[in-house]
Structures are given as structure tokens and as C-alpha cells.
Amino acid sequence: MKFSQYIGIILLGFAYIASTQATSKSIDHTAVIDAPKPRIIALSPHIVEMLFDIGAGDQIIATTDHADFPLAAKTIPRIGSALRIQLERVIELQPDLVIAWKSGNPSDDLARIKQLGFRVVYSQPNSFEDVAKELRLFGKLSGHSAQAKRVAAKFLADLAKIKKQYGHKKPLTGFYEVWSRPLTTIAKGSWPQQFLDACSINNPFMAAKAQYPQVNIEQILQTNVDVIIQPLSKKQAGNDSYDWQKWPILSAIKHQQMIILDADVVHRMSTRSLHALTDLCQQADKSRAYYQRITSE
């Protein structure tokens, strides 16, 4: 064999190897791009919101009642509520993943879904920091890790700014009305308590044994609170809230220092909760300025 022929064979070999590697890389790359994203059943409004936040909203194939944000969420099929999940619909839809609210979905239905062989991941955000953790988790599960990390980082950065701005203000004393019949408030460990902490509002029932203790008006009258915080849902009828105007002996009522919040935002564990936090802190600041003004007159 001539030397020139030998070299030609070697060059052809190299060309073949290079071509094979390029084809292999191309195939792998295409496989990554075209990898199907998991089809998800999201069993809570806050889970739906977080999935939309990270770019996975179009992967949700079913949800529960009251999942109404963002607007696109209203078109997602409903397969249950806080009281019951339609197991036959879960079987029919054959999801790749079910994300359930641990304390907000029927535990027996969730157990049955797992027994049927479906993958169930639980959501239970008890704090703002937990929201960020779950955003990152949902990103990993849904194939949107990069966007989820960005959303979580911004969420925590915005939270830090709010705490820095309002966390060291002169404290107010406030009563937080969760429900009117029976009259229910919050204590340490509850989701809304962190809102009061961030806005420098003291809770007279902070040390109660239950996270959401029931109280009577006599107990509240003993506190003489500066503000009444009353979250109301847009769907909630006006007569569902407590009539505080009957008690002008309270400083908050005497001076008409009522703080009204959107219950659908403040009580939903999602990135939108920071909108409610900012709203609360700003309204509390106005009450703070009011009391300072009347004191100095």
C-alpha cells in the first residue's frame, strides 16, 4: 500500500469518527430539547399560582375549586375541592405528577391516589421562606429549574426589602380577624403572623396554644388594640365580617383605624403574598402616623 493511500484511509477514518460524534451529539441535544414535560394535577390554588410563576402553567391538566389566578387558571378543569377529590378523573387523566396540599386536601383521597400508583408530592408552605423552597422544588419537578430559581431569588430579595423598610417601625397593637363566626384570630406559627411581624404589629394573642384560636369580644376589649386587620374575600358577603362599630370603646374603632386586606391574596401561599404584605405595612404606617399626629397635638 502506498503511503498516500494509507494516509487517505486514516483521514477517512477520522472523518467517520467525527461524523459519528457529531450525529451522536445532535441526537442527544434533540432528546434534551424534545423531552416531554410532566403533566401535572395541582390540587390547590397556591400550587397553581406557583406553577404559573415558574413557566409550568400549561402543564397543569386539572386542579381544584377556587384556582382563579392568573386568568388562564380559570380554564383548567376542576376535579375536586377541599372536601373531595374525584378519583375517577385522576385515573382518567393519567397525570405524571400530582402536587397536593398536605393540610388542605382530603388525606384519604391522597392516600388512595398514591395506592393507585400515581406520584404524589406534597406542598405545605408555612412561611415566606417555604414559598421560595417550593418554587425551586416545583421547578425541578416540572423541568423549569432555571426560571424557578430566578423567581425564588427575586421573591426573597423583595421580602428582605420590605422587612428592612418596615420591620423596625414603632410597634402598633393589632387584632387580626380570620373569621367572624366564631370570632377567630391568629397566634405564633400561623401563616398570617409573619405579616404582622414584618410590619411591626404586635399580636396580643401571639402566645395562644392554637395557631388559630377562637376568642371572645371581652378578651379583645382588654387589649384596646390600635388597629383591626380584617381580610375579606371579593366573594365574601359583607355580613360575613364582624361588626366592630358596636365597640367604640376600642381605640381602633374610636379612631376608625381599620385595615382591610384582600383575603384571596393574603391567605394564599404564593409570590402574590408579598403584595398583601406591602399593603398591610403601608396601611399600618398610615395608622402609625395618625396616632403620632394626634398624640403630638
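Proline 70 is located in the loop that runs between strand 2 (60-62) and helix 3 (87-93). In this predicted model, the bond that joins phenylalanine 69 to proline 70 is a cis peptide bond, with omega at about -5 degrees. A cis peptide bond also joins arginine 181 and proline 182, and its omega is about 0 degrees. Proline 182 belongs to the loop between strand 6 (179-180) and strand 7 (183-184). Such bonds deserve attention because most peptide bonds are trans.

The backbone angle phi is the next topic. Most residues other than glycine have a negative phi. Histidine 66 has a positive value, near 75 degrees, and lies in the loop between strand 2 and helix 3. Asparagine 224 is not a glycine either, yet its phi is positive, at about 50 degrees; the residue is found in the loop between helix 8 (217-221) and strand 9.

Are these two residues buried or exposed? Histidine 66 counts as exposed because its relative accessible area is 56%, and the cut-off for exposed is over 50%. Asparagine 224, at 39%, is partly exposed.

| Residue | Phi | Relative accessible area |
|---|---|---|
| Histidine 66 | near 75 degrees | 56% |
| Asparagine 224 | about 50 degrees | 39% |

Helix 5 (residues 128-142) and helix 6 (residues 145-166) pack with their axes 7 Å apart, at an angle of about 170 degrees. The two helices are therefore roughly antiparallel to each other, since angles over 145 degrees count as such. Among the residues that make the contact are Phe128, Val131 and Leu135 of helix 5, and Ala148, Phe155 and Leu159 of helix 6. By class, this contact comprises 10 nonpolar, two polar and five charged residues.

Finally, where is empty space left? Rolling a probe the size of a water molecule over the atoms shows this. The largest pocket has a volume of about 1,000 Å³. Its lining is made up of 38 residues, and Trp101, Ala263, His267, Arg268 and Met269 lie nearest the centre. Which elements each supply at least two residues of this lining? They are helix 2 (45-53), strand 9 (227-232) and helix 10 (263-266). Strand 9 gives the most, with three residues. By class, the lining of the largest pocket contains 14 nonpolar, 18 polar and six charged residues.

Methods:
Residues are numbered from 1 along each chain as its sequence is written. This is a predicted model: local features need pLDDT of at least 70, side-chain atom pairs count only at pLDDT 80 or more; totals for chains, interfaces and linings use all residues. Side-chain values use heavy atoms; hydrogens and water are left out. On a 1 Å grid over the protein atoms alone, a cavity is a set of points where a 1.4 Å probe fits but cannot get out, and a pocket is an open set with protein on both sides within 12 Å along at least five of seven lines; lining residues have an atom within 4 Å of a point. Grid points are joined across faces, edges and corners, and a volume is the space filled by probe spheres set on the points. Helices (H or I, at least four residues) and strands (E, at least two) are DSSP runs, numbered from the N terminus. Ala, Val, Leu, Ile, Met, Phe, Trp, Tyr, Cys and Pro count as nonpolar, Asp, Glu, Lys and Arg as charged, and the others, Gly among them, as polar. Buried means under 20% relative accessible area, exposed over 50%, partly exposed in between (1.4 Å probe, protein chains only). Axes are lines fitted to C-alpha atoms, for helices over the stretch in contact, and angles run from 0 to 180 degrees between N-to-C directions. Angles under 35 degrees count as roughly parallel, over 145 as roughly antiparallel, 65 to 115 as roughly perpendicular and the rest as oblique. Contact means heavy atoms within 4.5 Å.
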